[in-house]
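Subject: Structure handover

Hello,

Here is the structure I promised to pass on. My notes follow below it.

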Amino acid sequence: MNKLLLPVLLILCLVLGGCSAPNAPAVPEAEADLIVVGFSQVGAESDWRNANTLSMQTALSAENGYRLILDDAQQKMEKQVTAIRNFINQGVDYIVLAPTTERGWETVLSEAKAAGIPVIIVDRMIEVSDAELFTCWIGSDFRREGDTAVRWMEQHLGDTPLEIVHLQGNIGSSAQIGRTEGLDAGLDAHRSWNLVFRDSGDFTQAKGQELMEAVLAEGTPFNVIFSENDNMAYGAIDALKAAGLQPGKDVTLISFDSSRTALGLILEGEISLDVECNPLHGPRVRAVIEQLERGETPLKYTYVEETFFDADTLTEETISGRGY
Ligand code: GYE
């Protein structure tokens, strides 16, 4: 071979990543038997999300026989579409998708289907006309979570006049849609409940704080905050305290997720109700892949069992035994 051509070819090989140094196997032997899973994750917007990522990484580890390719979409649906296309190009064995929003998945999932790659949906749901575009779904009943919060409000706050500040999650995500629908049903059923503010805080602490600061600056009276996740609730607490208000006393704070920090805040009296949402889907996804590997058909929809916590039901033991 031409002396000049060889280094050029070598560099090209390395850049394209298609081949390796002479005599080295293309894939390290230990990795050759691993099941390759591409996981398109929403982002890192909350403690819930980080616990979910960790759960997937732990369950789908090399020791357990997996190679997990994680893609963080920074809460952008378009980034997830690109990630899925990359997974298809890489020829992964399975795709796991935690979708940001419910809509817009038809095309890319048809591509995965055409490539013969099973797609497992976790956490939020997708809305597609053909349910064959995904193998199965594992997650929470978000409408039920919203209804649970409303039932608690009925029992604990009754028909007293409520001025409700509603901090929503990512608009268009199942978690937002279900929890908002629950509250809307409560608002319809109670003439004395008033919605005084509603906006999306994107499930982040920073945005939750920002929105609460805006409400406080406006001088809008309120006595309930309905925060669609814990991180926005933490932001709201910071804003309330900075304004000299005491969460739990001056305002009833309702939240979702029930991560360990939030449960601690129930004990301290700052959060009044936290509806549980379990992020530990890693072992559930692994069990589904094992079923598929054995040629079995997993359940199409699996709803995770969940409860709620308030000062009456929460114990120190629950907090210490919490996995997230
Ligand atoms: O409540 C929130 C996270 O989709 C259930 O997303 C999940 C939600 C969760 O960012 O904290």
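Which residues of α8 are buried? They are G208, L211, M212 and V215. Buried means under 20% relative accessible area, exposed over 50%, and partly exposed in between, with a 1.4 Å probe and protein chains only.

Some ground rules before the rest. This is a predicted model, where local features need pLDDT of at least 70, side-chain atom pairs count only at pLDDT 80 or more, and totals for chains, interfaces and linings use all residues. Residues are numbered from 1 along each chain as its sequence is written, and side-chain values use heavy atoms, with hydrogens and water left out.

Helix α8

Back to the buried residues of α8: G208, L211, M212 and V215. They cover an arc of only 95 degrees around the axis, so they sit on the same side of α8. The arc is that of the directions from the helix axis to the C-beta atoms. In general, an α-helix has 3.6 residues a turn, so residues three or four places apart point the same way. On the other side of α8, A206 and A217 are exposed.

What do the buried residues of α8 pack against? The partners are β6 (162-168), β7 (193-200), β8 (224-227) and α9 (230-242). Contact means heavy atoms within 4.5 Å.

The length of α8 checks out. Its 14 residues (205-218) should span 20 Å at 1.5 Å a residue, and the end C-alpha atoms are 20 Å apart, so the two agree. The expected span is 1.5 Å times one less than the number of residues. G219 follows α8, with a positive phi near 80 degrees.

Overall picture

The protein has 12 helices and 12 strands. Its C-alpha trace spans about 85 × 45 × 40 Å along the principal axes. Of its 324 residues, 49% count as buried. Among contacts with a separation of 6 or more, 73% come from residues 24 or more positions apart.

Two domains

The domain assignment gives domain 1 (32-139 + 279-293) and domain 2 (142-277 + 310-320). Such bounds come from an automatic or database domain assignment. The domain centres, taken over C-alpha atoms, are separated by 30 Å. Across the interface, 12 residues of domain 1 are in contact with 16 residues of domain 2.

How much area is buried between domain 1 and domain 2? About 1,100 Å², of which carbon and sulfur atoms give 48%. In domain 1, D47, W48 and R124 lose the most area to domain 2, together 40% of what that side buries. Buried area is the accessible area (1.4 Å probe) that two parts lose on being put together, summed over both.

Most residues other than glycine have a negative phi. Two residues to look at here are D123 and D257.

D123 has a positive phi of about 70 degrees. D123 is found in strand β4 (residues 119-123). D123 counts as buried because its relative accessibility is 3%. Its side chain makes a polar contact with the side chain of R49, at 2.9 Å. A polar contact is a pair of N or O atoms within 3.5 Å; within protein, one must be able to donate a hydrogen and the other to accept it, and residues adjacent in sequence count only if both atoms are side-chain atoms. Leaving aside neighbours within four places in sequence, D123 is in contact with W48, R49, W137, I138, G139, S140, F142 and H281.

D257 has a positive phi near 120 degrees. D257 is found in strand β9 and counts as buried, at 4% relative accessibility.

T252 is buried, with a relative accessible area of 15%. Beyond neighbours within four places in sequence, T252 is in contact with W152, L157, N223, V224, I225 and S272.

T101 lies in the loop between β3 (94-97) and α5 (106-114). At 18% relative accessibility, T101 counts as buried. Its contacts, leaving aside neighbours within four places in sequence, are M77, M125, I171, G172 and S173.

Best wishes

Definitions and conventions
Helix = DSSP H or I, 4+ residues; strand = E, 2+ residues; numbered from the N terminus.
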